Amino acid sequence: MINLSLARRYAKALLSIGKEDGKYKDYGVELSSFAYLLERESELQNAIVNPMYPRDDRKKVLDKILEMIQLNPIVKNFINLLFDKQRIDGVLQINEVYQILVDQLENISRAKVTTATPLDEEMIGRIRQALEQITKGTVVLDVAD
């Protein structure tokens, strides 16, 4: 695990490249899919992150994964950089920060609404509209009852 300021630095670096070439959303999707894969497959994450395994073996596993999921060369190089700098264990945090930065860039706010009874679509729409007026941006609602 890496600290938040380091995760922010790496996320900002990737976002900067993405803003230059206009592909920051694509990079976010690919980074997110890689992070989700590691989160879902704990044995795979262990095979890449755990220093008990030889570095060369861990690198071979990572290379095979990156070959199979066919990421954009920029994202692939970014993930390889994380591995080389011994920061691959922070990819989940970096992904979270990256997604927050993209939301800020796109003026998207996320809100969670928890209710005792289910809301109909009209009510959810009115809540979203009210929040969008307040934030002057797009609001993504996560509704739970």
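The dialogue below takes up these features one after another.

A: This is a predicted model, in which local features need pLDDT of at least 70 and side-chain atom pairs count only at pLDDT 80 or more, while totals for chains, interfaces and linings use all residues. Residues are numbered from 1 along each chain as its sequence is written, and side-chain values use heavy atoms, with hydrogens and water left out.

Q: At what angle do helix 2 and helix 3 pack?

A: Axes are lines fitted to C-alpha atoms, for helices over the stretch in contact, and angles run from 0 to 180 degrees between N-to-C directions; helices are DSSP runs (H or I, at least four residues), as are strands (E, at least two), numbered from the N terminus. Here helix 2 (residues 24-40) meets helix 3 (residues 42-49) at about 105°, their axes being 5 Å apart, and therefore the two are roughly perpendicular, a label given to angles of 65 to 115 degrees.

Q: Which residues make that contact?

A: Contact means heavy atoms within 4.5 Å. Helix 2 contributes Leu37, Leu38, Glu39 and Arg40, and helix 3 contributes Ser42, Leu44, Gln45 and Ile48.

Q: Which residues of helix 6 are buried?

A: Buried means under 20% relative accessible area, exposed over 50%, and partly exposed in between (1.4 Å probe, protein chains only). In helix 6 the buried residues are Val91, Ile94, Asn95, Val97, Tyr98, Leu101, Val102 and Asp103, and they pack against helix 1 (4-21), helix 2, helix 5 (73-84) and strand 1 (108-114). After helix 6 comes Asn107, with a positive phi near 60°.

Q: How many salt bridges does a search of the whole structure find?

A: Side chains of opposite charge can pair when their charged atoms come close. A salt bridge is counted when a side-chain nitrogen of Lys or Arg lies within 4 Å of a carboxyl oxygen of Asp or Glu, and the search of the whole structure gives seven. One of them joins Arg40 and Glu41, at 3.3 Å from N to O; Arg40 is partly exposed at 47% relative accessible area, and Glu41 is likewise partly exposed, at 36%.

Q: Where in helix 7 do Glu122 and Arg126 sit relative to each other?

A: An α-helix has 3.6 residues a turn, so residues three or four places apart point the same way. Glu122 and Arg126 are four residues apart in helix 7 (residues 121-135), which means about one helical turn separates them, and their closest N and O atoms are 3.3 Å apart in a salt bridge. Glu122 is exposed at 53%, whereas Arg126 is partly exposed at 44%.

Technical notes: Parallel < 35°, antiparallel > 145°, perpendicular 65-115°, else oblique.
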